[in-house]
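I opened this model to look up its helices and its aromatic rings. My notes follow the order in which I checked things.

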Amino acid sequence: MGKSRAAAPKRTETKLKTKSAGASKRTSKKAGKDPNKPKRPASAFFVFMEDFREKYKKEHPNNKSVAAVGKAGGDKWKSLSEAEKAPYVAKAEKRKVEYNKNIQAYNKRLAEGTNGADEEESDKSKSEVNDDDEDEDESGEEEDDDE
């Protein structure tokens, strides 16, 4: 019986090792996010929550719980009628239209091959080259001064 108990932890350890190896493979495949890509617009509920958070903080200044604010906001949103939700829906639609314009412009820039991040990287590489040239010039000047 003692042998079977000793063998059981070894099996668990091998399972854990295989899981961790699989997890690292998944994270390496994930592509990085483009910082220049426009953010998606807030839904009507999140537009509502922007206003609700301010009101809730004024009414409950001692409350530090984010969960309490979210729960109260969700309950309030559910209790609102369609007419009361209408201004938030309108703001959300307006943000969505603006987002669609921005994303089309962004996609057009990507298709043309001009990306703000690429331009920044090329500027950085140019400045590094220029810095190296300046360093060489400065060191050359110092040698001339010594003679």
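**Whole chain.** I am working with a predicted model. I counted helices and strands first: the protein chain has 5 helices and 0 strands. Along the sequence the pattern reads α-α-α-α-α. I then looked up burial, and 14% of the 147 residues count as buried. The accessible surface is about 12600 Å², and carbon and sulfur atoms hold 51% of that. Of the contacts between residues at least 6 apart in sequence, 76% join residues at least 24 apart.

**Helix α4.** I checked the span of α4, residues 82-112. Its 31 residues, at 1.5 Å each, should span 45 Å, and the end C-alpha atoms lie 43 Å apart, so the two values agree. I also found a kink of about 30 degrees, centred on Y88. Y88 is among the buried residues of α4, along with K85, A92, Y99, I103 and Y106. What covers these residues includes α2 and α3. After α4 comes G113, and I noted its positive phi, near 90 degrees.

**Helix α2.** I ran the same check on α2. Its 16 residues should span 22 Å at 1.5 Å a residue, and the end C-alpha atoms are 23 Å apart, which agrees. This helix has a kink of about 25 degrees, centred on D51. I listed its buried residues as A44, V47, F48, M49, F52 and Y56. They pack against α3 and α4.

**Aromatic rings.** How many aromatic pairs are there? I get 8. I looked at F45 and F48: the ring centres are 6.4 Å apart and the planes meet at 35 degrees, so I logged the pair as tilted. The two residues sit 3 apart in helix α2, so about one helical turn separates them. Are they buried or exposed? F45 has 25% relative accessibility, so it counts as partly exposed. F48 has a relative accessible area of 4% and is buried, because the cut-off is under 20%.

F45 also pairs with W77. I logged this pair as edge-to-face, with 5.8 Å centre to centre and 75 degrees between the planes. It links distant parts of the chain: F45 is in helix α2, W77 is in helix α3, and they are 32 residues apart. W77 is at 15% relative accessibility, so I counted it as buried.

Last, I checked for clustering. F45, F46, F48, F52, Y56, W77 and Y88 form one aromatic cluster. One of its members, Y88, is also where the kink in α4 is centred.

Methods
Residues are numbered from 1 along each chain as its sequence is written. This is a predicted model: local features need pLDDT of at least 70, side-chain atom pairs count only at pLDDT 80 or more; totals for chains, interfaces and linings use all residues. Side-chain values use heavy atoms; hydrogens and water are left out. Helices (H or I, at least four residues) and strands (E, at least two) are DSSP runs, numbered from the N terminus. The expected span of a helix is 1.5 Å times one less than its number of residues. The bend at a residue is the angle between axes fitted to the seven residues ending there and the seven starting there. Buried means under 20% relative accessible area, exposed over 50%, partly exposed in between (1.4 Å probe, protein chains only). Contact means heavy atoms within 4.5 Å. Accessible areas come from the Shrake-Rupley method with a 1.4 Å probe; for residues, only the protein chains shown count as cover. Rings of Phe, Tyr and Trp (its six-membered ring) pair if their centres lie within 6.5 Å; planes under 30 degrees apart count as stacked, over 60 as edge-to-face and the rest as tilted.
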